[in-house]
Amino acid sequence: AEGKAEGKAEGKAEGKAEGKAEAVIAVLQARGISLDDTSRARILACCELATLDRWLVRAVTTPTAAALLDDGA
C-alpha cells in the first residue's frame, strides 16, 4: 500500500509539472513569442514546480523565450 501511495503521489506531481509546462508554452504562443525546439523541450522536460511557476509568471511579460529561460534574469 505504501508503494502504491508513493507511486500515486509521484504521478500526481508529474502531471502537475506537465500541466504547468504546457501553460508556459500556451502563454508564449498566445503572445506570439516563437519557441525553438530546444526551448520547448527544456520547458517540457522540467519537473521542478518552483521553476515552472517562475517561468509561468515570466511568460506573461518576457520579450523572448531566451529571456524567459535565462536563470540570471
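Colleague: Before we start, what is a nonpolar core?
Modeller: A nonpolar core is a set of buried Ala, Val, Leu, Ile, Met, Phe, Trp, Tyr and Cys residues joined through side-chain atoms within 4.5 Å. Keep in mind that this is a predicted model.

Colleague: Okay. Which residues in the largest nonpolar core touch the most other members?
Modeller: That core has 15 residues. Val24, Leu28, Leu35, Ile43, Leu52, Trp55 and Leu68 touch the most other members.

Colleague: Which helices each supply at least two residues of it?
Modeller: Those are α1 (2–30), α3 (49–59) and α4 (65–69). The largest share comes from α1, with five residues.

Colleague: Let's pick Leu35. What does Leu35 touch, leaving out residues up to four places away in sequence?
Modeller: Leu35 touches Ile25, Leu28, Arg40, Ile43 and Ala65.

Colleague: Stepping back, how many helices and strands are there in the protein?
Modeller: Four helices and zero strands. From the N terminus on, the order is α-α-α-α.

Colleague: And what does the C-alpha trace span along its principal axes?
Modeller: About 50 × 25 × 20 Å.

Colleague: How much of the protein is buried?
Modeller: Buried residues make up 26% of the 73 residues.

Colleague: What about contacts between residues 24 or more positions apart?
Modeller: They account for 55% of the contacts with a separation of 6 or more.

Colleague: Now the helix pair α1 and α2. At what angle do their axes cross?
Modeller: Roughly 145°, and the axes come within 8 Å. Helix α2 covers residues 37–45. The crossing of α1 past α2 is right-handed.

Colleague: Which residues meet there?
Modeller: From α1, Ala21, Glu22, Val24, Ile25, Leu28 and Gln29. From α2, Arg40, Ile43 and Leu44. By class, the contact of α1 with α2 has six nonpolar, one polar and two charged residues.

Colleague: Buried or exposed?
Modeller: Arg58 is buried, with a relative accessible area of 16%.

Colleague: Why does 16% count as buried?
Modeller: Because buried means under 20% relative accessible area, and Arg58 has 16%.

Colleague: What does the side chain of Arg58 reach at 2.6 Å?
Modeller: The backbone oxygen of Leu68. Leu68 is also one of the core residues that touch the most other members.

Conventions:
Residues numbered from 1 in each chain as written. Predicted model: local features only at pLDDT ≥ 70, side-chain atom pairs only at ≥ 80, totals over all residues. Heavy atoms only, no water. Buried < 20%, exposed > 50% of the residue type's maximum accessible area, 1.4 Å probe, protein only. Contact = heavy atoms within 4.5 Å. Axes fitted to C-alpha atoms, helices over the stretch in contact; angles between N-to-C directions. Left-handed = near helix turned anticlockwise from the far one by under 90°. Nonpolar A, V, L, I, M, F, W, Y, C, P; charged D, E, K, R; others polar. Polar contact = N/O pair within 3.5 Å; in protein donor to acceptor, adjacent residues only side chain to side chain.
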